[in-house]
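Hello,

Here is the structure I promised to hand over. Please have a look, then read my notes below.

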Amino acid sequence: MKKFHQNWIKSNKKSVFALSCLASCVLAACSSPEAPKASNAFVADVYQTSHAGDNLKLIASISADNAAETAAAKTIKLHIKPEEVHQKYYGFGASFTESSAWNLATIPVEKRKEVLTRMFSPTEGAGFTLTRTHINSSDYSNNHYSYVEEGDVALKTFSIEEDMKGFSGDENDQVRGVKLEDPNYDLIPMIKEAMSIEGADFNIIASPWSPPSWMKVNETAEMTNGHLDMKYQAVWAEYLSKYLTEYEKQGIKLWGLTPQNEPLHYHDANWDSNGWTPVQARDFLRDHLGPQMVKDGHLNVDDLEEGVRVLIYDHNKSEMNEYVAPTYQDPEASKYAWGTGFHWYTNSKLAENNWYADELAELQKTWPNKAMIHTESSIDIDAKDPIGQYWRDSTDYAGKFVPFNTYAYDIITDLNHGTQGYIEWCSILSHQGMPNPYDNFNSAPVLINPDTDQVIYTPLYYLLSHFSKFIRPDAHRIGVEGEEIEGVIYTAAKNPDGSIALVAFNRNEQAYNLEVKLGSNTYNLDIAPRAMQTIHLKK
């Protein structure tokens, strides 16, 4: 029998070789790192912020195909589709204001650095990557100010010293009598210190609230309402460009510029404001600001990503499509405009208008080559309950809303309709929403009691962190399919390092089991009632 086998092998060498190769290929396929099971290398870290008290808490680290025990009555199946690539992200964060700098000036230096680390470190904090600041004073400055002396059309007296001179402690009634740990601190020192935090990597969009009063007509109060006198358009364009130059001399290269904050406020604002009609805004950009920025080396019309990015509009998204049309329809104006900035106000009207998803979709469809950035949101503070107010009914001048729900739905809806970055207004305020000389007191991601040095990280801080910490610059939104459940919303992104972030929010009073499919693998986890989760899938 042995001799028979030997003779058979000799006479069938080709067949034996073929079978041997086939067996080797099968074994290689089973063990190859390119095989489907390689995606098991992904581990899902699950971070949760909830009404029950979790604050960006790591609640689980799970591998694929885990057999999860669940008490949830319903399973929601989600399918992440990395091959379906959408818009690029520029970042998430909150804004540098004079009021924020003043609050930091009231606490010890060590605690101040801790706050900035919690905001800007990608490993020890939220890792904010996209921010904003104000040109001249804003509604969160200690008083009205500009950078030139009255009547100086030649701008010989132009100076940004106001942003770095420090605080006297006598700017207004809200700051008077409060001890300053560092009177030399200010807006520019705050930005520079934030830049010094290890790992910090953020960009800044600058916006003017109002030109100096002497350049305006029809004001109702100093730097409030009215509009620029058209004879000063060239001067105002040079002023804004000079601001960019002077900040760059301080080592702060601005990433973006909006020509005017909230240009529809020409008669009804109670703070620094300035009105522009859509046609006036187009003409100012086309005939004055754009050419001035090109002349001064801040803008390259052949590559709008190369210099300072101009974002037009910068007001409520409900009216943005009508406002941007004159500029984008004019090739000579449009060539200077990188994209659209928009706000969310009024907060309480968002849900009934489906978060203006149709307006976002229209903007993206009509102007697909223009970027979309959410540049401002905020809520009024409840100084008696600055934490709890995020999870219950709050009010603005238009009605009621639940802030945490509103932010979560607004951000995710924006992202799912083409938005490429999201910025909150003031990053830091006092525990009473101060200083604000207009009695328009807001909450913020970080609140400081300037008398006790207590630092409060509000639910908004953790909510923003779910995006900023796990969706990094140059990430792209990717597809995610799933059941449509009332009260549950989600989005997904793939980072440059290959990691994937799925952010889900459940505003309902019941828990759900999430069955998340990625490639050939499935991850099972529960999302608590009234909770936001980031499922960070990384190798």
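Predicted model: local features only at pLDDT ≥ 70, side-chain atom pairs only at ≥ 80, totals over all residues.

Nine strands make up an open sheet of mixed pairing, in the order β2-β1-β24-β21-β20-β19-β3-β22-β23. Strands here are DSSP runs (E, at least two residues) and helices are too (H or I, at least four), numbered from the N terminus. Two strands pair if DSSP finds at least two bridges between them.

Residues are numbered from 1 along each chain as its sequence is written, and side-chain values use heavy atoms, with hydrogens and water left out.

Strands β1 (residues 43–50) and β24 (residues 531–538) run antiparallel, joined by eight bridges. Val43 has Lys538 in β24 as its bridge partner.

Now the cores. A nonpolar core is a set of buried Ala, Val, Leu, Ile, Met, Phe, Trp, Tyr and Cys residues joined through side-chain atoms within 4.5 Å. Buried means under 20% relative accessible area (1.4 Å probe, protein chains only). The largest core has 120 residues, and Tyr243 and Phe467 touch the most other members. Helix α6 (residues 233–249) gives this core its largest share, eight residues. Beyond four places in sequence, Tyr243 is in contact (heavy atoms within 4.5 Å) with residues including Tyr147, Phe158 and Leu254. A second, separate core holds 27 residues, among them Val488, Leu502, Val516 and Ile535.

Best wishes

Notes:
Buried < 20%, exposed > 50% of the residue type's maximum accessible area, 1.4 Å probe, protein only.
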